Amino acid sequence: MIFTLHLTKACNLACDYCYVDKQQPAEMSLETARAAVDLLLSHNDRYLGLLFFGGEPLLRGALIRQVVDYVRHQPRAVDLHLTTNGLLLDDAWLDYAAAVGLQFAISIDGTAAAHDAHRRCVGGNGSHDVVAKHASALLQRQPRASVLSVVSPDTVSGFYDSVVSLYALGARKLVPAIDYTADWQPRHFNVLAEQYERLAAWYERTTRAGEYFYFAPFDSKIDSHISGDDYAAHRCQLGQRQVSVGQDGTLYPCLEFVGDESYAIGDVWHGFDAVRRAALFEASEADQPECARCALATRCQHNCGCTNKRCTGRIDRVPPALCAHERIVIPIADRLAERLLDVPTFIAKQYR
């Protein structure tokens, strides 16, 4: 079980694809955060994780340290994670993370052109140079830190360059995501397919050179083939394995539901509303009509409640852009895997 604490809506960036409603500021209290930790610890799951999230969570640095101290005095181990835009990620934070076992994920979209197209400071200036500097320092200390990026129609032509630049920066766990809310046209998907083919060639060269890394668009799809019927256990499972805690302590099934009371599934003081939680999960897992005849349905992300809700307004309706993306990336990943079956590094990574 993983609890995501949404510490604040405030942010020192003004990313134009951000889904957080900053018009109504909200901050989590220490009392609420501790209650969330208590509820997390009450679960019998073998794995427990706590993720600090925002807005920009490092704006609540004092609260983070108080919560970490509270967690570290509990009888059960809890993995600690934090997702940041990187602006405040200085050496002091890296030293603190090393001391307490806090793992970072950092958001950077790749090249300066791709990153600054959407991730600008509140005043309008680009943020790439500062974030890249801090990302490099992080990756020297935490080589397996997740590097999160967003691909939009206006940046897709530089997707390959962005991935290669992040790899050169030290990223070995690359997690790009498509902005499905953007205006994707057929021409953009044609470019995306070309970029994925170039990235497949890069992936093959890098793997054959003996490098060990994770590139989510390909490795997750390769995993979906290897896992077969068991792959469903790796997918979203809305509100089951990962739960978001709003600033006021309300529980939600995932990140983008926070603040929408119609999707509340309990609170940190009283626990889960089991009926509501189960109903939302069942709705997200239901067979969508548009997926009924699709041969890729068992391997795609059509049941991602966050993406579906944000793009279509319903957790059980799939955005066309997601379908188009999955039809592009899955065959490319499969051909790539077939070419790499003779490479021990690849086999070890996929079957370990």
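Phe-215 has a relative accessible area of 0% and is therefore buried (under 20% relative accessible area; exposed is over 50% and partly exposed lies in between, with a 1.4 Å probe and protein chains only). The model is predicted: local features need pLDDT of at least 70 and side-chain atom pairs count only at pLDDT 80 or more, while totals for chains, interfaces and linings use all residues. Residues are numbered from 1 along each chain as its sequence is written, and side-chain values use heavy atoms, with hydrogens and water left out.

Searching the whole structure gives 13 aromatic pairs. Rings of Phe, Tyr and Trp (its six-membered ring) pair if their centres lie within 6.5 Å; planes under 30 degrees apart count as stacked, over 60 as edge-to-face and the rest as tilted. Trp-202 and Phe-215 are edge-to-face because their planes stand at 75°, with ring centres 6.2 Å apart. This pair links distant parts of the chain, 13 residues apart: Trp-202 is in helix α7 (residues 186-208) and Phe-215 in strand β7 (residues 214-215). Helices (H or I, at least four residues) and strands (E, at least two) are DSSP runs, numbered from the N terminus. Both Trp-202 and Phe-215 are buried.

Phe-215 also pairs with Phe-218: the centres are 5.1 Å apart and the planes at 70°, so this pair is edge-to-face. Phe-218 counts as buried because its relative accessibility is 0%. One aromatic cluster includes Trp-202, Phe-215 and Phe-218, along with Phe-159, Tyr-167, Tyr-196, Tyr-203 and Phe-213.

Within that cluster, Tyr-167 has the charged end of Arg-172 over its ring, 3.6 Å from the centre. A charge sits over a ring if NZ of Lys or CZ of Arg is within 6 Å of the ring centre and within 35 degrees of the ring normal. Arg-65 lies over the face of Trp-93, 4.1 Å from the ring centre.
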